[in-house]
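Colleague: Could you walk me through this one before I look at it in detail?

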Amino acid sequence: MTAAATGLPVARTTTTAIASGVRSRKRSAEVLRREARDDEREIAGAAGAMEAVKRAAAVSTAAAAAVAALLSPWKRVYKQNHLTHMNWRRGVCRVQPLDIFRNQPRRPRGSLCIGFDEEWAVSVGVGQAARVWDLRSGTCRMRLVGHQGMISTVKMDKKTIVTGGVDNLLKVWDVESQECTQTLEGHEGEIVKIDYDDEYIVSGSEDQTLRVWRVSDGRQVRVLRGHDGAVCCLKFRSPLVVSGSTDTTVKIWDVESGVCAATLRGHQGHVYCLHLLDDSAAASPSSKRPSPTPTPPRPPASSRPATLSIITGSADGTIRHWHLDAHAPHRSRHLRTLPGHHPQPVVCLQSDAHKIVSGGADNSVKVWDYESGACLYALRRHTAGVWELRFTEGKLMTSSFDESLLEWDFTFVDEEEEDEVVEEDGGVAGKTRVEGLRG
């Protein structure tokens, strides 16, 4: 066949091939455009994801900062409480006298602070009216005039003051009006100790009895007889009263029935002081570490603990630790004996879940480990026998026959040493500095 005969099909074939190539290139371009669009979408998605990550990171950072800001005060409080706890363990403190007479033109001689808390103190003296002092300002808040002779004991809160005197009388004072609202008569000897709650006042006397008075009307509702010597100390935890006497015994009474439920024997001398402690608080694992939160208020009678510890101090120079079953007082038992201030009498004491603090006729204040019973150290600054003591989480106050009232501050922190105080396996490593005298 000649070329002329085949020219038309050849042209058609060439045109078809060219068209096919054009379509193929169009399809390739379309694919590339789609891929480009896909890449753009992926890039946009990645950018969005990155922005989301950045926003989440910013939120997390802000949340972390907010949490840190929220926890920071508690961290500081916990750290301070921990350092205070360690100071109590080691005897690191600052001691200063609280001069209640600093604003008076003349300092009376023979004065003794027989009762005090963090804000007020009650002083007595021969030929002086008892006075209530504001410890921070040094001003006299009120004069307790009415007893025939010296006031021998006092118990107070910010609304009521109850005093007992050598005239065998108890007097109830209203703080706001500064007036004596009740005079309670019945004892036949000097009033030695007082405790009370919202319902009853309980008093102990040299006449060997304890008497229970109703707060509302001052009426005597019970006389607790059984000691063969003067009552020296008592604590009231309704419905129980625990008392110590010159007859060397500790007795547990039921206020409602007036029955002596148990008698604890072991001391070889007058029982001068005692303290009651909730056993559940002492046994709790959390009580072994300082808490960043305040101590909760005392629970109502219906929810009070079934078991208590009784800590007693005696003229025999020892401290004894007893277990008290509130539901079965006759099962109370002796746990251990601490050597105390031997051979001098133990005159006053207080305890919490960590420690027992005692004051003695040997002029010293001693701090004991509650769990082991070991004496951690002795604080020596008084020059005469210690009469009374009281401590809070961070401070200890002591009064003495040397006429002084001292404040021992265990919240003291040396800024240069603060970060060096660490705890290792229950022990303490780091530098220690004691302010004041320590024996």
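Colleague: Cysteines to start with: is Cys93 buried or exposed?

Modeller: Cys93 counts as buried, because its relative accessibility is 1%, where buried means under 20% relative accessible area, exposed over 50% and partly exposed in between, with a 1.4 Å probe and protein chains only. Cys180, with a relative accessible area of 30%, is partly exposed.

Colleague: How many disulfides does the count come to?

Modeller: Zero, by the rule that a disulfide is a pair of cysteine sulfur atoms within 2.5 Å. Keep in mind that this is a predicted model, in which local features need pLDDT of at least 70 and side-chain atom pairs count only at pLDDT 80 or more, whereas totals for chains, interfaces and linings use all residues. Residues are numbered from 1 along each chain as its sequence is written, and side-chain values use heavy atoms, with hydrogens and water left out.

Colleague: Changing topic, where is Ser400?

Modeller: Ser400 belongs to strand E27, residues 395–400; strands (E, at least two residues) and helices (H or I, at least four) are DSSP runs numbered from the N terminus. Ser400 is buried because its relative accessible area is 1%.

Colleague: And what does Ser400 contact, leaving aside neighbours within four places in sequence?

Modeller: With contact meaning heavy atoms within 4.5 Å, the partners of Ser400 are Leu112, His382, Ala384, Gly385, Val386 and Trp387. The Ser400 side chain also reaches the backbone oxygen of Gly385 at 2.9 Å. Ile114 is 286 residues away along the chain, yet its C-alpha atom is separated from that of Ser400 by 9.0 Å.

Colleague: What about Asp352, which polar contact does its side chain make with another side chain?

Modeller: That partner is Lys355, at 2.7 Å, a polar contact being a pair of N or O atoms within 3.5 Å; within protein, one must be able to donate a hydrogen and the other to accept it, and residues adjacent in sequence count only if both atoms are side-chain atoms. A polar atom of the Asp352 side chain also lies 2.9 Å from the backbone nitrogen of His354. Asp352 itself sits in the loop between strand E22 (346–351) and strand E23 (355–360).

Colleague: Last one, how many residues has the largest nonpolar core?

Modeller: It has 16 residues, and Trp88, Val357, Leu379, Leu396, Trp408 and Phe410 have the most contacts inside it. A nonpolar core is a set of buried Ala, Val, Leu, Ile, Met, Phe, Trp, Tyr and Cys residues joined through side-chain atoms within 4.5 Å.
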